[in-house]
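Q: I am new to this structure and would like to learn how to read it feature by feature. Could we go through it slowly, with the general idea before each case?

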Amino acid sequence: RSAAARAETPRERAGLLRQAAAVGGFDVDLEREIQEAAEAAQLPAVLCESLGRMAGATVEPAARAGFLRERALVRAGFAEMHALACRDAAAAHALVPDDVDTARLWLQLAELAGAPREVSAALGAIARTDDDRVARAAATARRVALLADELGDPEAALLAVDEALAAAPADATLLVARARVLTSLGEHREAARALEAAWQVATPELQPELVRSAAAAWQRAHDPAAAAAALCRAARHGDTEALDLAEPLARTTGSARLLDDVLALRLAGPLELSRRRELALERAALLADAIGDRPAALALLEQHAVADDQDFAARLRLAEWYAADRRFLDAALAYESAASIADLPPVERGPAAREAACLLASVGDLERAGPLAEVAIGCGVVDHKVLAVASAWHRAHERWDVVDRLLEAETTLEPDATRQAAIWLERARLRREQLDDAAGARRALHHAL
């Protein structure tokens, strides 16, 4: 040791001190001198040897771990020693298993050494010891991905994430990690459930992606109904784009109630007018026919018709259902409302006006029925019933010339000669008694005979 004090170079001094340590046994002060000389001489092997002796001579776990950490950091500076540095950090953590800083050092050195199993073990240590919940979840998620993908051990990955979830069952990061492992194992139904659970606790910005992932998992599980239901739940929480995915899925399931759910959500949001009319009519038919809830269907179309006073098809459907329920006045008013829509083509206005006129006449409202009958006739919808309604209205107002013209239209519709003769006799009587047209009466009589 005295000779070392006279050494000319750090390397020579380190060598002499090392010899002194070999002869004289362990001495803390001597070891520190060796370490100083080794550092100055850039002799990492000598430095690490000395730190190893100090660790071996120390009984207290925390102090021993400190020497091992120190040696690990020295070895980390040399590529050929990275594996040894990782081993030192692992040994230090075994001595102080609750020290997260040691666990983090272990992780860094395992990554440096390119040792995936050591990385996995270090991540597990961080997941057990870090005070930060987010950091624990992130470490577990990374470990799970490593086990499942790089190390090819999805069963171990599942055990790891389930262990973490036992302590934090509502952690979205862990639930997503679990879903990832389950997917790799082909457990798509369970993966979907994990993703739905993650969606329920995730931050709003992550929810759309999670619900789409859950829907995809349900589809892989051959359950499009569950996929559509998950997307509907997302839509109720404001994810309107989810409906674009839910609607085609719902249509493939054959589930009337699921499709009704989707259509209800569609109708609750913004839509183009033509699309709103189409979906309102479809949902009403679904409620009435597939689900068997005619009152709900009627209520839907009634509300829709009030909001959209130009929807012709909705009014026709309402009228048909009212008539089927023997609500004839309501049916008449629905047909009348349909016929009054502006800019309708005659092919639509005429039949609606005809139905309204006949129903109103049947409930005794001739004054309202008559003008509608004339509208129907003007649109080319001419039959015995609508002519009878128009004729009765004009008779009530003693417009006999119009009644005569309507009777003429009756003759063109009547194929039976006997009935035609009766109509001509009626025209002859009307012309003689009401129109004071003797010549016209004779002509009508001639036709009758």
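Predicted model: local features only at pLDDT ≥ 70, side-chain atom pairs only at ≥ 80, totals over all residues.

A: Side chains of opposite charge can pair when their charged atoms come close. Here the side chains of arginine 266 and aspartate 244 form a salt bridge, with 2.9 Å from N to O. Because arginine 266 belongs to helix α16 and aspartate 244 to helix α15 (residues 242-253), this pair ties together parts that are 22 residues apart in sequence.

Q: Is arginine 266 buried or exposed, and what of aspartate 244?

A: Arginine 266 has a relative accessible area of 17%, and it is buried because the limit for that word is under 20%. Aspartate 244, in contrast, is partly exposed at 45%.

Q: Which residue meets aspartate 261 in a salt bridge?

A: The partner is arginine 236, and the N to O distance between the two side chains is 2.5 Å. Since aspartate 261 sits in helix α16 (residues 256-268) and arginine 236 in helix α14 (residues 224-236), the pair ties together parts that are 25 residues apart in sequence. Both ends are partly exposed, aspartate 261 with a relative accessible area of 23% and arginine 236 with 45%.

Q: How many residues apart are arginine 180 and aspartate 149?

A: The side chains of arginine 180 and aspartate 149 meet in a salt bridge of 2.6 Å, N to O. They are 31 residues apart and link distant parts of the chain, with arginine 180 in helix α11 (residues 172-184) and aspartate 149 in helix α9. Arginine 180 is partly exposed at 44% relative accessible area, and aspartate 149 is partly exposed at 48%.

Q: Which charged residue is buried yet has no salt bridge?

A: That residue is glutamate 410, which is buried although the nearest side chain of opposite charge, arginine 419, is 5.0 Å away. A salt bridge needs the nitrogen and the carboxyl oxygen within 4 Å, so this glutamate has none. Glutamate 410 lies in helix α24 (residues 400-413), and, once neighbours within four places in sequence are left aside, it is in contact with His384, Leu387, Ala388 and Ile423.

Q: How should I read a pocket, and what is the volume of the largest pocket?

A: Rolling a probe the size of a water molecule over the atoms shows where empty space is left. The largest pocket in this model has a volume of about 230 Å³. It is lined by 15 residues, of which Ala127, Arg128, Thr140, Glu163 and Ala164 are the closest to its centre. Helices α8 (116-129), α9 (133-150) and α10 (154-167) each supply at least two residues of that lining, and α9 gives the most, with 5 residues. By kind, the lining divides into 7 nonpolar, 2 polar and 6 charged residues.

Q: Where is histidine 222 placed, and where is glutamate 398 found?

A: Histidine 222 is in the loop between α13 (207-220) and α14, and it has a positive phi of about 60 degrees although it is not a glycine. Glutamate 398 is in the loop between α23 (384-396) and α24, and its phi is also positive, near 55 degrees. Histidine 222 is exposed, with a relative accessible area of 72%, and glutamate 398 is exposed with 57%.

Terms used. Residues numbered from 1 in each chain as written. Heavy atoms only, no water. 1 Å grid on protein atoms, 1.4 Å probe; cavity = no way out; pocket = protein on both sides within 12 Å on 5 of 7 lines; lining within 4 Å. Points joined across faces, edges and corners; volume = space filled by probe spheres on them. Helix = DSSP H or I, 4+ residues; strand = E, 2+ residues; numbered from the N terminus. Nonpolar A, V, L, I, M, F, W, Y, C, P; charged D, E, K, R; others polar. Buried < 20%, exposed > 50% of the residue type's maximum accessible area, 1.4 Å probe, protein only. Lys, Arg positive; Asp, Glu negative; His and termini not counted. Contact = heavy atoms within 4.5 Å.
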